[in-house]
Amino acid sequence: MSTADRNLSDYDRSNLPDISALKFGIVVSNWNAEITNALKDGCVDTLKGHGASDENIFIIQVPGSFELPAGARMIDDKYNLDAVICLGCVIKGETSHNEYINQAVATGLVQLGIARSKPFIFGILTPDNQKQARDRAGGKHGNKGVEAAVAAIEMATLKKELQNSKKKIGF
Ligand code: DLZ
């Protein structure tokens with residue numbers, strides 16, 4: 001089914017575990033703040049809905065999306081988190097600035113995730129205009145902050161399960 005046909009923020013709550021023992025960081029870009037704050041609200045509500053406490057949710061703001069990877073590393077250095085969720089909104093303009101920012105952020109976050117073996121979640125909208133952004137920040141296409149939280153929960157839980165697994169691998 002194409003993304004135009006469904007609200008991707010609908011998910012099966014029963015598939016997600018309790019996360020009360022896990023620590024989450026949220027890094028929010030100040031550019032397009034109306035949108036990024038809506039993403040943050042959806043993200044926080046979802047984490048809390050699955051058992052995360054206020055004390056285990058750490059939130060910082062950065063000037064723009066380009067600063068998200070650096071902010072993510074800083075907050076992880078400070079609190080040693082189970083997952084870091086980055087929220088931004090880069091709207092296409094007359095020039096190709098958006099491509100440079102999006103590429104840099106995607107590369108930065110994937111490198112952090114691999115290097116630190118923990119989830120650094122890409123919760124950045126890359127719309128053509130404000131309407132597309134609003135549609136994805138609590139509008140007709142759901143709230144991508146919710147989806148970013150779900151991805152963080154799934155990946156943080158996967159890591160815990162692998163760490164706790166007694167299954168012997170190899171000989
Ligand atoms: C400069 C800039 C522009 C033009 N547009 C956006 C945007 O749509 N969304 C966003 O998050 N940030 C934007 N920025 C700011 C850059 O991400 C960055 O903060 C500055 O270039 C300083 O490094």
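An oxygen atom of the ligand sits 3.2 Å from a polar backbone atom of I91. That is a polar contact, meaning a pair of N or O atoms within 3.5 Å; within protein, one must be able to donate a hydrogen and the other to accept it, and residues adjacent in sequence count only if both atoms are side-chain atoms. The protein covers 69% of the 480 Å² of accessible area that the ligand has on its own. Accessible areas come from the Shrake-Rupley method with a 1.4 Å probe, and for residues only the protein chains shown count as cover.

Before going on, the basis. This is a predicted model, where local features need pLDDT of at least 70 and side-chain atom pairs count only at pLDDT 80 or more, while totals for chains, interfaces and linings use all residues. Residues are numbered from 1 along each chain as its sequence is written, and side-chain values use heavy atoms, with hydrogens and water left out.

Back to the ligand. An oxygen atom of the ligand is 3.5 Å from a polar backbone atom of G64. For N32, a polar side-chain atom lies 3.5 Å from an oxygen atom of the ligand. Which residues surround the ligand? They are S29, W31, N32, G64, S65, F66, E67, C89, V90, I91, H97 and I101, where near means that a heavy atom of the residue lies within 4 Å. By class, this shell has 6 nonpolar, 5 polar and 1 charged residues. Here Ala, Val, Leu, Ile, Met, Phe, Trp, Tyr, Cys and Pro count as nonpolar, Asp, Glu, Lys and Arg as charged, and the others, Gly among them, as polar.

Next, helix α1. Helices (H or I, at least four residues) and strands (E, at least two) are DSSP runs, numbered from the N terminus. The 17 residues of α1, residues 33-49, should span 24 Å at 1.5 Å a residue, and the end C-alpha atoms are 24 Å apart, which agrees. The expected span is 1.5 Å times one less than the number of residues.

Which residues of α1 are buried? I35, T36, L39, G42, C43, V44, T46 and L47 are; buried means under 20% relative accessible area, exposed over 50%, and partly exposed in between (1.4 Å probe, protein chains only). E34 also lies in α1, but E34 is exposed, because its relative accessible area is 59%. After α1 comes G51, with a positive phi near 110°.

Now the cysteines. A disulfide is a pair of cysteine sulfur atoms within 2.5 Å, and by this rule the count is 0.

Last, some loop and strand residues. Most residues other than glycine have a negative phi. N80, in the loop between α2 (68-79) and β3 (83-89), has a positive phi near 45°. N80 is exposed, with a relative accessible area of 54%. S117 has a positive phi of about 50° and lies in the loop between α3 (97-116) and β4 (120-125). At 47% relative accessibility, S117 counts as partly exposed.

N143 is in strand β6, residues 142-143, and is buried at 11%. A polar atom of the N143 side chain lies 2.7 Å from the backbone nitrogen of G145.
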